[in-house]
Structure formats: C-alpha cells, structure tokens
Amino acid sequence: MRLQLSPELEAFREEMRTFFTTQVPQEIRDKVAAHRHLTKDEYVSAQRALNAAGLAVPHWPVEWGGKDWTPLQRHIWREEMQLANVPEPLAFNASMIGPVLAAFGNQEQKERFLAKTANLDIWWCQGFSEPDAGSDLASLRTTAVRDGDDWVVNGQKTWTTLGQYADWIFCLCRTDPTAEKKQRGISLLVFPMDTPGVTLRPIELIDGGFEVNEVFFEDVRVPAENLIGEENRGWDYAKFLLGNERVGIARVGATKRLIAQAKEYAQEISEGGRPLLETPRMATRIAELENELLALELTALRVVANSADGKPHPASSVLKLRGSELQQAAMELLVDIAGPLSLASFAEEGSDVPDFARVSAPTYLNYRKVSIYGGSNEVQRTIIAGTILGL
Amino acid sequence: MDFTFDSEQNDLREAVRGLLERAYGDSEVRRKVVSSDPGFDEKTWSRLAEMGLLGLPFAEEHGGMGAGPIEVAIVAEEMGRVIAPEPFIEAVVLAGGLIAAAGTDEQKGELHGAIAEGTTIPAFAHAEIGTRWVPSASAVTATQSGDGWTLSGVKEPVPGGARADVLVVSAVVDGGTGLFLVQGDAAGLTRTGYRTHDGGRAARVAFDGTPAVALGAGGDQTAAIERALAEARIAYSHESIGAMDTALRTTAEYLKTRKQFGVTLNRFQALTFRAADMYVSLELARSTALWASMVTDAGGDVVAAADRARLQTSRAGRHIGKEAIQLHGGIGVTAEYKVGHYTSRLTAIDHLLGDGDWAADRLAADVAAHETVDPLGAPYAPGAGVA
C-alpha cells in the first residue's frame, strides 16, 4: 500500500501532461472544452498528432505500435489526455477493432489494417446493434451467406456512431442460423462503407446533432478474406472488444474537467447577491460530486492494478455504471448553473449568452446516452449481481 | 500508487480474522457478550493484547508494535466484519492516539505499555450535550490547583466511559481546549453507564472538582484533538467497510436460499439489482477508506482525507445497512438474526464522530479553493505539486 507515484511514474505523468497540453492543437482542445462537435478533420489531426508521438494506441501489442505500459501508466495516459481536453483516439479504431485485429486477425489483415487504423487513415465504424438486438446483442439478424469467394450481407445495423465519417465497418453477421446457441452462429466481417448495397441514414438526436446512423445492407458482397478470425466465432471477438470498451469508460478525467468548469461558471453567476458557488446548496452539491468522483478514480486505480493479466477485473462494471452516472451528474450541474441561459441552445452571433450555457442543455440531453451505450447500466448491474455476487 | 497489501499485512489480517472468527463466528455469542457489562469480552481483549494488537500503532519503546495506519485499518476492518464489541478504536486508536499526540514520553511509556498489555483501558471523554463533532470543549472546565488541575462539568455520551480505567478528558483552558488524564477512581467523578443501541456502552461522566493531570505540556490541544479524531474517523471507515461487506454477503446468501412464490429470491431482478448497487457503494467506499489510510501513512493531510472517507462511508453505510434489512424482509428487523445488528452498528459509527452531511459541509467550505481533486497531489501526497 503506497500513496505516491514512484519518481518514474511522476516523470511519466509530467511527460504526458506536457505533451497533451503543448503538442495537440489548442483550437481542437478548446472546442472539446466547449463541448462543441468536432469535424472529421479535427478528429484525424488530433489522432495523428498522438500517433506521431507513439501515443495513439499504447495498449496494442508492441510490434503494432503499442507501448507495453503497465495498466497504471495507461490509466495516467488516459487521465491526462482527458484533463487536457484532448479528443481520445477514435474508440472504434483504437479500443475496438484494432485490438481484435491484433489478437485474432491473420498476418495479412494485420499488415493491411493496423498501421492505418492507428493513424486514422481508415476510419472505422461499429456494426453491432440492430433494431431488435440492443442489450440482447446475440439476437442480431443481419445475415452473411457464402456465395463463391464472397459473403453476401443483408440486414440492418443501428446506432452506428459517426458512421457518416467512416471508411470501413466491422460488422457482426449471422453466418449459421442453425447453430444451437444464438451466440455460436455469428461471424465478424469487415468491409468498406462504399461497397455497393450499403446505405446510411443519419438519425437526429434530441440535442439536434447527428452522431448516430442506421446502416442498411442489401446484397452487399464482401470478399471471403475479409472475415476476421474464425467463422462463427464472432461472439467471442465481440465480447473481447466490449471488455476493452469498458476499460477507460469511467472517464474520470473528463468529468473532473466538467466539474472544474462548473465551479468556474458558478463564480460568474450570482444568486441572492453572492456567487452561486458560495450558496450552501451549490457548494455542497459540488463537494459531494467531487467526492464521488474521487471514490471512482481511486476504484479505477485499484481495478487497473488488479487486471494485469489482460482480462478486465469484474469490478470494471462498477466503473462503467458509476462513471456514466457521474458524467451525467456533472453535466446536469452545468445545465443547472446555466439556468435560464441554457435556453439559448441554438443562438448564433448576436446573442450575449456564454458558450458553455448554450451547449449545456443539448449536452445534458445528449449525455443520457452514456448510461445506455457500452452495455447499459442495467446490463452492468446484471453482471455485478451474476458474476460478483453469484445471484 | 499501490493498493496491494504486503505479505506481512496479509498475515496480520489472517491472524486477526482467525482470532475474531473463533470469538464471534457465531453471532449468538456476540449477542450474549453484549447483553451484560462491560459489553465486550475481557478474554477476547486479552487475546487481542497477546497478539500485540492493543499496542499496534504505539512506538516500540513505549511497549507498542510501531505499526502504521494500514495495519490499524486491517484490524479495524476485521473487527467490523464480525462487529466485535471490543473497544479497539475507542481505546487504542482514539484515546491511545491522543496520548501519542499530546503525552509526555513518561506518560506514553506508562499508558501505552499498560494499554498494549490489556491491563488499562482508556476512553476519550469529549462529547458534550449541546454541541457536536467539534474538536473543542465547552462544558468541562479545567482549573489549576497547586501542581495539578481539577475538572468540573459533564461529558456525555462517553463511549466506554463507565468501564474505562483512565479517562482522557478535553476541557476548557485559557486560550483553548486542553487534554487531561483522570483516573477511574478519582474523587468527584460520577459515571452513569448505559447500553447503546448497537450493543456498546456509553456513559454520562460528571466531574466535580475532580483531580486531573495535564496530558503533555498543557495548553491548547485543539489541533491534536482534530488530528486524533480524523485518524479515528478513518479507522471507523474501515470498521464500516468490514461491517458492510458482511451485511452484503449475508444478504446475497439470503437471496440465494430464501424461497417465495416457489423460487429463490435471486430470481427477482428487483432484488438482485439492488444488491448490485450495494456492491457499488461498498467498493467505492472501500477505495476511499484505503486511500485515506495511505494518505495518513504518507504524511499527507489526514483531516481532509478523513472528511472524504467519512462522507463516502457514511453514505455507503446507510445505503447498505438499510437495504440489507429491506432485502431480508421481516427477519432483518429481529434481534435474533444477525444482519440488523450490522445496520445498528453502522448507524452508531455514523453518529459517533461526524456523519456524511457534516463531512460534506466541511468539504463544501473548501470547494472553491482547488480546481480539481487529485488523490495523488496536494494536500494529500506530501511533496506533490498542486494540481
């Protein structure tokens, strides 16, 4: 048991902090701080800045650009990145398909995709959820039928985040409808989004933004070599991928940033003749939230230390569950501080309302998603009750 | 940062668990022990002494083991796991800690040695009716009389106050709050003991010109009291973690065995989800308590860390204590079944040295002073830069 970081880790933290605050374009970080949607080019240039320094995919195998860091180093890397408002490397590339390709792809696939995936030369999107397969993902119905040297894909995916920017999709398809267990007959295929028969329909969200899409497949021909891993083993790869998704999903650094912003704005708005931050209820609310976040951060540190064998600690479900709740609570704090100013959501030039207040309500509404994606919080409770408590 | 216990710490835990499991593995034994005075088992107290636990944090030259806050945390958690009624935190951590902080070398040598041997049990007489959770005294006044002092006024409730061989008493002195030692058989000392709801004992302790000896050099000891209270708060957080852990495990076991509507209760998602939420509360509180002990060990700001641990374990203790009973149903409210006693103990701990709202208010007063909370930075880790 030891509180302090070793001098080596202290130096590592400093190195990360310096890099993120000086080497990633300021205008991109300002935009993240202001909760504005990034353009595709901004995502790409941020990730390339990281990748050029070898900091985009540190958790990958070393031969494909990874760093062989300890879990604690990876935690520090992520924390400092979030604290500096650096957009994280695109999750679909860095956390999802990249590690799957590195672990289960063949040599040709690794050489073809991994470097481009790390550098965001290929933008990936995720073809998992379907209209009738959400939390119950294994019920998916998109089919892939073998026809000569191709798979022919038919069906529909949904909630495909940033699919409008994507070059390629990794897609779970049912390849054996006769399998005894529905998890058994699923395979993982990858193909370009401009393949004939792929169409994309954007879905507008309650914040007025477009970040998710429906994707339709009509007789999409995918070369057999684009199967990742073994036929009918796709469910295993999906579980591997979703386990990775859960690591780092606590987003402690990002929530810390939100609370710091909230305190700053609560100094600027007065109520009853004093800054909002000095009203007892607001001060206590923030103090409680800071303490909850501290508890989460410490739990994340405790969990990363115990997941050195590469498998996520079962308590990582706590991180997802509580991490999403605290992101939402911090955003709720911001919209409450904005108060009536939050109505100016779509004001443009000519309005005096500060930026944070304009985006607060749409972001608050948008953030309802965080307790739903990545395995909804109800799925996390099921995991805790089942695997940890044995219920 | 490292959350792993070393092998000596694991051995300590195993030894303490073994001793306490033999004593209170059967919850009926605890129920019997707490039903008569002094509310704990003197034999178990002797065994704790034999294992060196009653001198755990004291310096070796004063008869102690010279162990640190992590070892204290381990013992406290194991006490909580079986809600052992022995006053380890009250006597060793709190009263013993005050003697360590304020006492002269001679006082430490005498008292720490006797506490460690189990022959002297001290108690801290500090709480007063009308104020709460402050590090100062107002209802008991110290007056210099020749070479010594006399105390007058009333302290209540004083945990373990009736049984204590020696009382460490906070009292008003010129310029603040001083600390004094009063022997259990002193003249002008009236102690009225009673049971507390969790099976413990407390007392009204009245001083009427009672002779007392200054602890240490005398003068204002508010800072020492604040620090000792903070260390005790952290220790109680660990005791709570042990108690919550048992409450949750007992509840989960019950859900797997109790049948209603022809099936075991764990078939009802309305119940299993609530158990999952209890686990979340427990693990978050555990991390915070462990961190607070690491802050103490590292020489960081103990008072601030204790407030954070207190807030988190207070919220978790209430959540888990109440849900443990609710998920059991009626049996959880009975004295014949063990889980309700855990809730009672958690409730007592919550009110001893400051509850969650109290801690939240203290943290709120400081909320504008930092941009973010960095558990590895100032003021928690000495030498770390300000975040």
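In this predicted model, B:R315 and A:E288 are joined through their side chains by a salt bridge, with an N to O distance of 2.4 Å. Across the interface of chain A and chain B, the rule finds five salt bridges.

The size of an interface is often given as the accessible area lost when the parts come together. Between chain A and chain B, the buried area is about 4,300 Å², and carbon and sulfur atoms give 66% of that area. Of the area that chain A buries against chain B, 21% comes from A:M1, A:L3 and A:R302, more than any other three residues supply. The residues that each chain brings to the contact are as follows.

| Chain | Residues in the contact |
|---|---|
| chain A | 43 residues |
| chain B | 51 residues |

The second topic lies within chain B. Helix α5 (residues 88-102) of chain B packs with helix α6 (residues 105-117) of chain B at an angle of about 165 degrees, and their axes are 10 Å apart. Because angles over 145 degrees count as roughly antiparallel, α5(B) is roughly antiparallel to α6(B). The crossing of α5(B) and α6(B) is left-handed.

On the α5(B) side, the contact is made by B:V92, B:G96, B:I99 and B:A100. On the α6(B) side, B:Q107, B:K108, B:L111, B:H112 and B:I115 take part. Sorted by type, the residues of the contact of α5(B) with α6(B) comprise five nonpolar, three polar and one charged.

Methods. Residues numbered from 1 in each chain as written. Chains lettered and ligands numbered in written order. Predicted model: local features only at pLDDT ≥ 70, side-chain atom pairs only at ≥ 80, totals over all residues. Heavy atoms only, no water. Axes fitted to C-alpha atoms, helices over the stretch in contact; angles between N-to-C directions. Helix = DSSP H or I, 4+ residues; strand = E, 2+ residues; numbered from the N terminus. Parallel < 35°, antiparallel > 145°, perpendicular 65-115°, else oblique. Left-handed = near helix turned anticlockwise from the far one by under 90°. Contact = heavy atoms within 4.5 Å. Nonpolar A, V, L, I, M, F, W, Y, C, P; charged D, E, K, R; others polar. Buried area = accessible area lost by both parts, 1.4 Å probe. Salt bridge = Lys/Arg side-chain N within 4 Å of Asp/Glu carboxyl O.
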